[in-house]
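Subject: Structure handover

Hello,

Here is the structure you will be working with. Please open it before you read on.

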Amino acid sequence: MKTNDLIDLMAQESQLELTPMRSLTLSVVVTMGISFVLLVSFWGIRPDMAQVISEPLVLIKQLIPALIAIPCLWLLKQSRHPETSLEGRLRWGLIPAAIAIALVTTTLYILPANAWLTTIVGTTLIACLFSIPALGAPILIGMLWVLKQGAPSDPKTAGAIAGIAAGCLSTIVYALHCYEDSPAFYGIWYTASILMTGLIGQRLGPRFLNW
Amino acid sequence: MAVLNEAKTAAAFKQALDGDNDVYRAFLQDISPVVRGLVTRKLPSFDSMGVEDVVQETLLAIHSKRHTWQPEKPLLPWIYAIARYKSIDALRARGRGGAAASDIDIDEIEEIEAPPSDFEESLDVSTAVNKLDGKLASVVRALGVEGISVQEASERLSMSENAVRVAFHRGLKQLVQMRSSLFGDP
């Protein structure tokens, strides 16, 4: 078919109603709700949540992922427009990574060396590494679905950012269950779980976000 | 190389989005040479057939993703970004599945480099549309060739309006892909 013929065909469709892009915020609210319900049903909220929530070290468990998720969500909103370049954006992740390293080293510094291993490993390491990506799955799927209605020109990076955002949001949910309150534990394993979710997003991006 | 004026092009596109078919056609015709120029520069290893495939893919993407343009933002960077994305995509596709130049038999080269000049002409719209799946063909024929409205088409073909839209778009997509496979490219 000649290019001009294609143009003639497409021109007939100009008046067609445009499919609006679904709201990313709405998708996040709904899918986080799903993760929360899953958590309450299968994991359960830690019984002492009400008492410990005011403790700074418990609070930042939820606060730091939230602070990472916000700029990620903003970037994802932009990434639906093809002219948005995501080049070099992932480098900003070094800031929260540095904060996590600082938290972990400070915590270990005030502990005797023979307590390091037990503090780092904790008692729920495997559950943590499994739960955060699992609870992040619905959130990530929702994000990819919304992104697909747009036209992200860098599906790999967009997927990675979506994965990191989903991992952070799922961490906020999972931290309602997890009673490991030492930064030496969550500074390492939450970070690892979020990066894992980010990696999954990076793999899924080129597959699902092509247009 | 053709140059586009941001203000004029954006004004035309806005008018087209409001449903002016003639302005839309003129808009697509105006941006085609610029898209072609950009794709040619991005893909120096592609012959003119290969370039034209990418041009069509780009136009179709501009069409189906037109809701991702924000009217308060400049239009030309948006168009260029789509052309760039489709060029990279074509390059990647060729790297994956396409035959390397060395795989091509020497006898075939003549064929590839000099397609019969009237080949493209022979593949006119109605021939191409007839090759589509039944339902897609009737939708594309009704909307694209006869130019009836979505509403009329939905009544005549007893499909929902949304199904008509989806079928039309899928039909266009198949037409573009059909072209690539007919020319054996990549």
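Below is what was found, starting with how to read the model.

This is a predicted model, in which local features need pLDDT of at least 70, side-chain atom pairs count only at pLDDT 80 or more, and totals for chains, interfaces and linings use all residues. Residues are numbered from 1 along each chain as its sequence is written, chains are lettered from A and ligands numbered from 1 in the order in which they are written, and side-chain values use heavy atoms, with hydrogens and water left out.

Chain B first. Chain B has 10 helices and 0 strands. (Helices are DSSP runs of H or I with at least four residues, strands are runs of E with at least two, and both are numbered from the N terminus.) Of the 186 residues in chain B, 44% are buried. Buried means under 20% relative accessible area, exposed means over 50%, and partly exposed is in between, with a 1.4 Å probe and protein chains only. Take the contacts in chain B between residues at least 6 apart in sequence: 65% of them join residues at least 24 apart. Contact means heavy atoms within 4.5 Å.

Next, the interface. Chain B gives 46 residues to the contact and chain A gives 34. The buried area between the two chains is about 3700 Å², with 60% from carbon and sulfur atoms. (Buried area is the accessible area, with a 1.4 Å probe, that two parts lose on being put together, summed over both.) B:Lys65, B:His67 and B:Tyr85 supply 17% of the area that chain B buries against chain A, more than any other three residues.

How many salt bridges cross the interface of chain B and chain A? The rule finds 1. B:Arg25 pairs with A:Asp8 in a salt bridge, and their closest N and O atoms are 2.9 Å apart. A salt bridge needs a side-chain nitrogen of Lys or Arg within 4 Å of a carboxyl oxygen of Asp or Glu.

Last, two residues of chain A. A:Gln62 sits in helix 4 (residues 56–79) of chain A. A:Gln62 counts as buried because its relative accessibility is 11%. A polar atom of the A:Gln62 side chain lies 3.2 Å from the backbone oxygen of A:Ile172. Beyond its neighbours within four places in sequence, A:Gln62 is in contact with residues including A:Met49, A:Ile53 and A:Leu176. A:Leu38 belongs to helix 2 (residues 24–43) of chain A. A:Leu38 counts as partly exposed because its relative accessibility is 30%.

Best wishes

Notes: Polar contact = N/O pair within 3.5 Å; in protein donor to acceptor, adjacent residues only side chain to side chain.
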